[in-house]
Amino acid sequence: MHEYKPPLVTNPRDPRYLALRSLQTSQGRFRTSLYLIEGIRHLARAVEEHAPIESVFFNPSILSNRFGRKLVRRLLQSRLPAIRLSPQLYRDLTLATEPQGIGAVLRQQYVRFEDFSRARGDATAPDP
């Protein structure tokens, strides 16, 4: 069976890369209701919690962790939109001191404070 290989982005002016960069600003996140996460653990947790993942970005040469590579394959098999970033673009994008080579774009989900407090079981949550 043929494995899906996402497009490689090498140009810093590519709209897909610029869209990722825009999510590093509060204005970009507010305008799109999207945000970035980075790292294997964060992405694995998002998958585990059925978070609204919009797309994945990664760099195969940086992504050396076996579990991380397996996670990327699983996400690609689900046909989630994805791009491969050149090593330079990935390093320019990441905020991590030791990049793991994988990240994702997620849709923001808003929760009322009262609902959040009740879900946590806070005794200080106001009653309706």
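Strand S3 (residues 53-58) and strand S4 pair in the parallel sense over 3 bridges. Val-56 stands opposite Ala-82 in S4. Between these strands the chain passes through helix H4 (residues 66-77), and this β-α-β crossover is right-handed. The model is a predicted one.

**The sheet**

S3 and S4 belong to an open sheet of 5 strands, ordered S1-S4-S3-S5-S2, with mixed pairing. S1 and strand S2 (34-38) stand at the edges, each with a single partner strand, so one side of each has no neighbour in the sheet.

| Strand pair | Sense | Bridges |
|---|---|---|
| S1 (residues 8-9) and S4 | parallel | 2 bridges |
| S3 (residues 53-58) and S4 | parallel | 3 bridges |
| S3 and S5 (residues 102-107) | antiparallel | 5 bridges |

Leu-8 has Arg-84 as its bridge partner in S4. Ser-55 has Val-105 as its bridge partner in S5.

**Strand S4**

S4 covers residues 82-85. Which way do its side chains point, and are they buried or exposed? Ala-82 and Arg-84 point one way, while Ile-83 and Leu-85 point the other way. All of these residues are buried, Arg-84 included.

**Helices on the sheet**

Helix H1 (residues 15-22) lies across S1, S2, S3, S4 and S5. H1 runs at about 90° to S4. Helix H3 (residues 40-48) also packs on the sheet, where H3 touches S2, S3 and S5. The direction of H3 makes about 40° with that of S5.

How values were computed:
Residues are numbered from 1 along each chain as its sequence is written. This is a predicted model: local features need pLDDT of at least 70, side-chain atom pairs count only at pLDDT 80 or more; totals for chains, interfaces and linings use all residues. Side-chain values use heavy atoms; hydrogens and water are left out. Buried means under 20% relative accessible area, exposed over 50%, partly exposed in between (1.4 Å probe, protein chains only). Helices (H or I, at least four residues) and strands (E, at least two) are DSSP runs, numbered from the N terminus. Two strands pair if DSSP finds at least two bridges between them. A crossover is right-handed if, with the strands pointing away from the viewer, the path from the first strand over the helix to the second runs clockwise. Contact means heavy atoms within 4.5 Å. Axes are lines fitted to C-alpha atoms, for helices over the stretch in contact, and angles run from 0 to 180 degrees between N-to-C directions.
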